[in-house]
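Me: I would like to learn how to read pockets in a protein model. Could you take me through the one shown here?

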Amino acid sequence: MLEKLTQLVNQARSELTAAQTSEQLEGWRLAYLGKKGALTLLLRNLGSLPADQRPEAGRVANEVKMTLESLYTARVEELRQGVLETELTRGALDVHLPGRPQQLGNLHISTQTLREIYAIFGRLGFDILRSPEVEDDYTNFQLLNIPQHHPARDMWSTFYTDLPGVILRTHTSPGQIYAMRKYYPQPFRVILPGKCYRYEQVSSRSEQMFYQVEAIAVGENITMSDLKGVLTYFARSMFGADRKVRLRPSYFPFTEPSAEVDIECFLCQGQGCPMCKHSGWLEILGSGMIHPQVLRNGGYDPDRYTGFALGMGPERIAILKHGITDIRYFFNNDMRFLQQFA
Ligand code: PHE
């Protein structure tokens, strides 16, 4: 009998360790501790033992019962903990937010081009000056030798405001007046970068807002060859050494003589290609010798002083340099475009 009890405990112990699910546990409980379980059956047989063995067997059987019961409770608790643990790890919510990757910005292509222009003119001794984006008609036009109602105004489609005479500047040329009035009577050379506005039909070639950089030099013996020297230096620095430069006679009310400046097409080396419309030349800016009346409006005596001025569009320069096909890309803020210039 005692032997059977020991056997029973051992077997129960190993089966209990094997039990994993609550069904298996319940099965084990019924098999050992249930009304028809192994222990109950053994206890029922106590009566058939010789009387002198009965007390001892009864005591051991009771011990076995208690042992099995506590083994059972322990195992139940153990499994419950295990289930909890897997729940916690597997089904758990990860409360950590993934880090946000740092987006590295880059300078806008217009800014990059502007800075290149600043650097080139900086090496030639030009300072940088700012002048207003909101202008009056008088400075934007009249002081630049463009009277009211003069047909030359057609060159600049203008944004007017509700305030009489107040407009958005159509070019950086009014900066010439500010510069002259600031430096008079010194000789000087400055560039005037900034935004300009034109009431244009927006297309791949024109925007309503764009940058310009004006350059102006005034002194006692400045000639057109100074202008040509600066232009050649600029074109070669910007578009590559040995770049040819061509001045084409043109007309601006505030310069006389006036010239539009072409550079030799750097795609086809002047052979002719779609980029230069098979001419071999690319137009990059307008320029000329400052008109005597404009010098006078700035305070300088045209009998003593001369000067040159030029105005370029950095977007146009970037378009040529990087083969950009549409000026609207510049200010649409499409990251796919902007990031190409990182
Ligand atoms: N202001 C002119 C334009 O916007 C360009 C220019 C500047 C021409 C200076 C001559 C001298 O078209």
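Me: How many nonpolar, polar and charged residues are in the lining of the largest pocket?

Reply: By class, that lining holds 22 nonpolar, 16 polar and eleven charged residues. Here Ala, Val, Leu, Ile, Met, Phe, Trp, Tyr, Cys and Pro count as nonpolar, Asp, Glu, Lys and Arg as charged, and the others, Gly among them, as polar. Please note that this is a predicted model, where local features need pLDDT of at least 70 and side-chain atom pairs count only at pLDDT 80 or more, while totals for chains, interfaces and linings use all residues. Residues are numbered from 1 along each chain as its sequence is written, and side-chain values use heavy atoms, leaving out hydrogens and water.

Me: Which residues lie nearest the centre of the largest pocket?

Reply: Rolling a probe the size of a water molecule over the atoms shows where empty space is left. A pocket is an open set of points on a 1 Å grid over the protein atoms alone, where a 1.4 Å probe fits, with protein on both sides within 12 Å along at least five of seven lines; lining residues have an atom within 4 Å of a point. In this case 49 residues line the largest pocket, and R205, E283, I284, G313 and R316 lie nearest its centre.

Me: Which strand gives the most to that lining?

Reply: Strands are DSSP runs (E, at least two residues), numbered from the N terminus. Strand 8 gives the most to the lining of the largest pocket, with eight residues.

Me: And how do the lining residues of the second largest pocket divide?

Reply: They divide into nine nonpolar, two polar and three charged. Strand 5 gives the most there, with three residues.

Technical notes
Helices (H or I, at least four residues) and strands (E, at least two) are DSSP runs, numbered from the N terminus.
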